[in-house]
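Please walk me through this model. Start with its cores, then turn to its strands.

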Amino acid sequence: MGHDEKALESLMRGDRVVSPTAATTAAAYIQDYDAEYRRSIADPEAFWDRIAKELEWFTPWRKVLDWNYPWAKWFVGATCNISYNCLDRHLNGWRKNKVAVIWVGEQGEERIFTYGELARQVNRCANALKALGLKQGDRVTIYLPKIPEQIVAMLACARIGVIHSVVYSGFSAPALESRIKDAESRLVITADVGYDRSKVIKLKPVVDQAVANCGSVETVVVVRREKPGIALAAPKEVDWDDWLAGEKPVCEAVPLDAETPLYILYTSGTTGKPKGVVHVHGGYMVGTYLTTKYVFDLKDNDVYFCVADPGWVTGHSYIVYGPLLNGATILTAEGKPDYPNPGRWWNLIERYGVSIFYTTPTAVRLLMKYGEEWPRKYDLSSLRILGSVGEPINPEAWEWYHRVTGGTKPIMDTWWQTETGMILITPLPSVPLKPGSATRPFLGVEADVVDRTGKPLPANEGGFAVITKPWPAMMRTIYKDPDRYLTYWHTIPNCYTAGDVCRKDDDGYFWFMGRADDVIKVAGNRIGTAEVESALVSHPAVAEAAVIGKPHKTAGEAIKAFVILKQGEHESPELIQGLKDHVLQELGKIAVPQEIDIVPSLPKTRSGKIMRRVLKAKELGQDPGDISTIEE
Ligand code: WT7
């Protein structure tokens, strides 16, 4: 990584340590991280065995872990159901009428579900899935805006062993189509529209276009939000309310083998084809349950607000599964942090008495731009624990977030990935913080920073972040592509390679510095350079394209594309706009390059591989490092 190191070293920060207040530590489940961590990794299987027993299983496991490198099975022989643990476990006691979900719409509307009511909706939906003939192992694509039906549909699938594939509603028709095709979904659940800063975003036409070429899809269920309702083409298209009407609010959760797939979630990698990350019921349940509980120190009287969209993994693990497994009260809000004004989230925190707030560095930087007067307008004294996820949080944003929320609330900078399923490197509320560092591994998790050969590096040397032992919520495979799964564990022998560059400091604190591969993080969203390149190349005027990530003040990184035009094509503002529109059509808004340069050639190796790092170094005015393999 030679040349990267120098650039990344400049990111190294001072050693400000922010100690937890006595009150925070006194209230925390885990008060002595070092001792608990040592105990957990002395015998991780005993640790996870003990934790798993806090949840309900239909039949117990014979063995905690079956590790056949790099294939893992957790809670071998056990049967369970994550939906049962998210709902039924709470219905037999006082939580039956506890608020499970408070949803606030972009237009200010509010819907509140107790655990009892959420369970009834989920059961109706599970019965409706069965009525369509869906059975264990079938796939359902959920393409919904951030509305409660998304949560209901996920839990309903899980309840009967149907595998859900949630696709973020910002993806365009071709991106949705390829995900439906790969999963061979029999059902798509969507809505007529989503709202974005009060603009109506039509989703149904996107689904129509995607499904036209998907032979596997038998039914499309539509949540109709607009009045009058859009026309639906029966019998294939069904209204959500009609679909559930008449279904009984009781549906027994099916006891499933712990290794039964729960969901597929597509994420970007180094190739143009997204990877279908597969998570299973048992281990994922244990991992998301415990991390939610300990990282956020979640107690029964907390109000937990995570700003993610269930279209991404954060929504899966830390809006839906982790918090519901803990019987929490969850606040979820549709819409942007600065609409109708930049006080939106602070207002919600005041209105609902939010005590745990989990957001992203990009959102913090966006709100920073509007100034401290916005958070100052609201009473934020209910806040207790803060969180950050998706990309490194720069110390300036950290300090601002810390200051405007009262100056004493600990920030949990949680490092993890779609593939890891659960938070892996993170503080706990009682751990001394260093702004900009995700601190140390979670209990039962072993991680390190190593060189290409797997040799652990000394403190303060940049290298690859790896996880050295299996953990319960780890992905089990890449859907239909086990070879791609193997690359995670074979790149560096005997470890899981995360794809991140990192260093550990003298105290063993991890400082994540960005991706080591061709993945860009735009506003915390993961975008593969190859996906954007292939979208650009599919434009009739484009011969070749290369895409890089470039530092951006609020989004962390922005996409920049270099494009070679076909003979006879000429650069013009219309053409540049046309290329951007084309990427919008092919992939969606999040993948549109902010800048496009038309160039006569691209730096390539003799074997024809585009050297993106050379483009990037040139763009940023840095030393491109070793260019001996360059051809052009
Ligand atoms: C990549 C995974 C984890 C849920 C959302 C993103 C980056 C994530 C942090 C953090 C530094 C972080 C890494 C990682 N990342 N959290 N706290 N500090 N980097 O999931 O889309 O699978 O992306 O996000 O680069 O590899 P994802």
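Contact means heavy atoms within 4.5 Å. This is a predicted model, where local features need pLDDT of at least 70, side-chain atom pairs count only at pLDDT 80 or more, and totals for chains, interfaces and linings use all residues. Residues are numbered from 1 along each chain as its sequence is written, and side-chain values use heavy atoms, with hydrogens and water left out.

**Cores.** A nonpolar core is a set of buried Ala, Val, Leu, Ile, Met, Phe, Trp, Tyr and Cys residues joined through side-chain atoms within 4.5 Å. Buried means under 20% relative accessible area (1.4 Å probe, protein chains only). The largest nonpolar core has 193 residues. W243 is among those with the most contacts inside it. Leaving aside neighbours within four places in sequence, W243 touches C125, A128, L129, L132, L187, I189, V221 and V238. Another core lies apart, with eight residues, including F562 and L615.

**Sheet.** Strands are DSSP runs of E, at least two residues, and helices are runs of H or I, at least four, numbered from the N terminus. Two strands pair if DSSP finds at least two bridges between them. Seven strands form an open sheet with mixed pairing, in the order β5-β4-β17-β16-β18-β19-β20. Its edge strands are β5 and β20.

| Pair | Bridges | Facing residues |
|---|---|---|
| β19 (385–389) and β20 | four bridges | G387 opposite M412 |
| β29 (556–565) and β30 (595–598) | four bridges | F562 opposite D597 |

Definitions and conventions. Buried means under 20% relative accessible area, exposed over 50%, partly exposed in between (1.4 Å probe, protein chains only).
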